[in-house]
Amino acid sequence: MNPTPSRERICLLTGGGYPYRRDALGGWCRTLVEGLRRFRFELLTVTDRELPSAPAYPLPFHVGSARAVALGRDPARAERRRTAKPEGAAEAAALLCRGLLGDDGPVTEQFATGLRRIADLCQPASGNGTPDLLAGVPLTDALLEAWRARPDRTLLPRLSVRDARTAATLLRHALRALAVPLPEVELVHCVGGTTPLLAALAGRWRTGTPLLLTEARAAVPRQRPAEDRLSVSVRTVLRRFRTSVARTGYAEAELIAPLSTYHHGWALEHGARPARLVQVPAGVDPREYPGAVELSQAPAVVWAGSGGPDSGLACVLEAFTEVAAAVPGTVLHLVGVTAAHEDHCAEQIERTGLGRAVRLHPLPADPRDRYTVGQVVAHVPGPADPPYRLVEAMMSGRAVVGVDIGPAGETLGDTGVLVPPNDPSELAIAIVDLLRSPNRRRALGDAARQRALNHFTVDRVVRVYGALYTDLAAPPPAPAFELALTVPAPRVTVPATVRWLTRENT
């Protein structure tokens, strides 16, 4: 019998994943929501991608609502028109841009102050926000002035007026997330990148609702494939903006839950206070990845990913050309390819000339069969991919060859093979070695599954997040109680939680 949902309402805020997209992060969110049935969830996704038409996952009974907001396109020449400047807009833009282009310390506070003032200008109106007010925020002038004011501007690329206008347009588009209204809840749990975090920060500043931030993605200041055509100066602005938003999120969140020691270190490096960090490793359900004996004697390799331009697919295909030459008859299984990227995936396969040796397994694919179709799993993630697929492969009992980036090394431990990043030849050599060594790969597969069972099960994730939700979403304690954090030192494996202490006088 399912428990009755409590009065504690949680807004799970994502950037286009659960419940609308079947990706690694969406699967983790689904597991969390379905495992915490005593809470009432209000699901909100804020995305700058195409608005999903319907949820990709069925919604449990304790989900009160599911809403998706797609940020509208800002007119490219908005700032050139004679738009009335809202009161305080110029000062807010100046603070934001000076903080954006500055260094640590006081300039970070300048960015946060400017961002908060812009959020005040974007008060939600009838659920649609007020994007016209953003058009009046003089970001172009503020960027140029802040750029010229830097004493060490020789270290920055040249920012032309045209580049400043382009950067201002992109920043204005991103800042529209500040106008997204959040549901009335006791806790906002933000999972994702810059866009949902902006919405979460604005909601926190307006209502004071506690914020729990899950840091699950790779380093923020990465370059996205669609930004290759932008100038160096515009990319610099975007990179600094994302980093500044992350720093502001770390400063404002009641707690930050990094997914690994790698994410833990990233948060510390970017201003998070150690007392607010509660490391909660990734976890999957062993019942969904039960492990199985090798189904075929024919050599086969599995790679799991979306299949998009930013997914690691190019490296895998380049390595597989060498694998196929060394071990004829090897088949590559690409599992979990999303519908949006099937065409791109097929085009990349065709370029290799090995189409007959590659099998495409689009989502939804049965998790039980996702990794067992192969003998070796090549873990080559995209820069934004959390380590869930690596844990899934380990739980499935398959030998893994992983690229040594992000949390791969600490997750895999000594139960797999790590190769340097951006080296398809080394990846191919390691895969071929395991294909030719059945006893070794089976031993590694068994060890990987045992490590996953010991450290990366979903029940642990659900248990810790349930405690975090209870403490953060609870009403303020009576004066005789105080809230304290029980947080382990960095780099320990046992996740910590939050608890209420006993009465002060006892």
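In the predicted model, Glu392 forms a salt bridge with Arg370, the closest N and O atoms being 3.9 Å apart; a salt bridge is a side-chain nitrogen of Lys or Arg within 4 Å of a carboxyl oxygen of Asp or Glu. Glu392 lies in helix H13 and Arg370 in helix H12 (residues 367-370), so the pair ties together parts that are 22 residues apart in sequence. Helices (H or I, at least four residues) and strands (E, at least two) are DSSP runs, numbered from the N terminus. Both Glu392 and Arg370 are buried, where buried means under 20% relative accessible area, exposed over 50%, and partly exposed in between (1.4 Å probe, protein chains only). As the model is predicted, local features need pLDDT of at least 70 and side-chain atom pairs count only at pLDDT 80 or more, while totals for chains, interfaces and linings use all residues. Residues are numbered from 1 along each chain as its sequence is written, and side-chain values use heavy atoms, with hydrogens and water left out.

The count of salt bridges comes to 13. One of them joins the side chains of Glu294 and Arg441 at 2.7 Å, N to O. Glu294 is in the loop between helix H9 (261-269) and strand E7 (300-304), and Arg441 is in helix H16 (residues 438-455), so this pair ties together parts that are 147 residues apart in sequence. Glu294 has a relative accessible area of 18% and is therefore buried; Arg441, with 6%, is buried too.

A salt bridge also forms between the side chains of Glu91 and Arg117 (2.8 Å, N to O). This pair links distant parts of the chain, 26 residues apart, with Glu91 in helix H2 (residues 89-101) and Arg117 in helix H3 (residues 106-121). Glu91 counts as partly exposed because its relative accessibility is 47%, and Arg117 counts as partly exposed at 33%. Elsewhere, Arg30, Glu34 and Glu288 are linked in a network of salt bridges.

Arg398 is located in the loop between helix H13 (388-395) and strand E11 (399-403). Arg398 is buried yet has no salt bridge, and the nearest side chain of opposite charge, that of Glu294, is 5.8 Å away; for charge, Lys and Arg count as positive and Asp and Glu as negative, whereas His and the chain ends are not counted. The side chain of Arg398 does reach the backbone oxygen of Ala292 at 2.8 Å and the backbone oxygen of Thr372 at 3.3 Å. Leaving aside neighbours within four places in sequence, the residues in contact with Arg398 (heavy atoms within 4.5 Å) include Val293, Glu294, Leu295, Tyr371, Gly374, Ala393 and Gly445.

Helix H8 (residues 232-252) has 21 residues and spans 30 Å from its first C-alpha to its last, close to the 30 Å expected at 1.5 Å a residue; the expected span is 1.5 Å times one less than the number of residues. Of the 21 residues of H8, 15 are buried, so this helix is largely enclosed by the rest of the structure.

The mean pLDDT of the chain is 83, and 83% of its residues reach 70 or more; pLDDT is the predictor's confidence in each residue, from 0 to 100. Among the elements of the chain, helix H15 (residues 424-435) has the highest mean pLDDT (96) and strand E14 (residues 497-500) the lowest (40). The pLDDT is below 50 over residues 126-130, a stretch with 9 contacts in the model beyond near neighbours in sequence. Over residues 480-506 the pLDDT is also below 50, and this stretch has 56 such contacts.

How values were computed:
A polar contact is a pair of N or O atoms within 3.5 Å; within protein, one must be able to donate a hydrogen and the other to accept it, and residues adjacent in sequence count only if both atoms are side-chain atoms.
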